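Please look over the sequence and the model first.

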Amino acid sequence: MQYFIGIVPPQKFTARIIQFQNRWSNNRLQQVVEPHITVKAQGGLYPDLEWLQYVKKVCSSCSPFELSLTAPICIGDSVIGLGVRSQHLSELHTRIVKAVSPPPELIARYFELGSYLPHLTLGQTWWGLNAAELAEMRALAKTELTPFPTWTVTHLRVYTEIQSDRYVPYEDIALG
């Protein structure tokens, strides 16, 4: 069983993202997990849940903060996502990673700390899209998902894997 931690966009925008993703019949991402911005990937989030107390402590010491989604970005040649702008997200990510203390090889594997690039994934080749579909998705997202929202992040969501490659909400943790 694996876990990860994310931020969920406002419900109305989440519905728009899902509708947008569903335009590509072979885009399996929406079958894996709801739209989210990963704050802490799976590395170090073990089934014993010992790490959860450390994450809750970090969250309790962080105030809610503003976050904006921005124009689509490419991550390598296999992922299209919406960019993220926030003064506090990278600091929160770093504090959680340090509190959980995954081994360096897991930090590298999951692109954390210095390699962290917050984004909201719209589609990727791993979940069924090809390069042409990713290019089409990026072009359409620029116009069809605007205006990109700004909202106050008040909590983080812990996700748990219920079957291979299927994640559902496990627990919400309030900030502040």
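Where does Pro147 have its place? In this predicted model, Pro147 sits in the loop between helix 6 (131-144) and strand 6 (150-153). The peptide bond joining Thr146 to Pro147 is cis, with omega about 0 degrees. In general, most peptide bonds are trans, and most residues other than glycine have a negative phi.

## Positive phi values

Ser101 is not a glycine, yet its phi is positive, near 60 degrees. Ser101 belongs to the loop between helix 4 (89-100) and helix 5 (104-109). Its relative accessible area is 52%, so Ser101 is exposed.

Phe111, also not a glycine, has a positive phi of about 55 degrees. The loop that holds Phe111 runs between helix 5 and strand 5 (119-124). Phe111 counts as exposed because its relative accessibility is 56%, and the cut-off for exposed is over 50%.

## Strand pairing

Strand 1 and strand 7 (residues 155-163) run antiparallel and are joined by four bridges. One of the residues involved is Gly6, whose bridge partner in strand 7 is Arg157.

Strand 7 also runs antiparallel to strand 8, and eight bridges join the two. Within this pairing, Tyr159 stands opposite Pro169 of strand 8. The hairpin of strand 7 and strand 8 has two residues between the strands, and Asp165 in this hairpin takes a positive phi near 60 degrees.

## Aromatic pairs

How many aromatic pairs are there? The count comes to six. Phe4 and Tyr167 form an edge-to-face pair, with 5.2 Å from centre to centre and 70 degrees between the planes. This pair links distant parts of the chain: Phe4 is in strand 1 (residues 3-7) and Tyr167 is in strand 8 (residues 166-174), 163 residues apart.

Are Phe4 and Tyr167 buried or exposed? Phe4 counts as buried because its relative accessibility is 5%. Tyr167 counts as buried because its relative accessibility is 7%. Elsewhere, ring pairs link Tyr3, Trp51 and Tyr170 into a cluster.

## Nonpolar cores

The largest nonpolar core has 41 residues, and Ile7, Leu67 and Leu122 are those with the most contacts inside it. Helix 3 (residues 50-60) supplies the largest share of this core, five residues. A second, separate core has eight residues, among them Phe4, Leu29, Val32 and Val33.

Which residues does Leu122 touch? Leaving aside residues up to four places away in sequence, the residues touched by Leu122 include Ile17, Phe20, Leu29, Ile80, Met137 and Leu145.

Note on methods:
Residues are numbered from 1 along each chain as its sequence is written. This is a predicted model: local features need pLDDT of at least 70, side-chain atom pairs count only at pLDDT 80 or more; totals for chains, interfaces and linings use all residues. Side-chain values use heavy atoms; hydrogens and water are left out. Rings of Phe, Tyr and Trp (its six-membered ring) pair if their centres lie within 6.5 Å; planes under 30 degrees apart count as stacked, over 60 as edge-to-face and the rest as tilted. Buried means under 20% relative accessible area, exposed over 50%, partly exposed in between (1.4 Å probe, protein chains only). A nonpolar core is a set of buried Ala, Val, Leu, Ile, Met, Phe, Trp, Tyr and Cys residues joined through side-chain atoms within 4.5 Å. Contact means heavy atoms within 4.5 Å. Two strands pair if DSSP finds at least two bridges between them.
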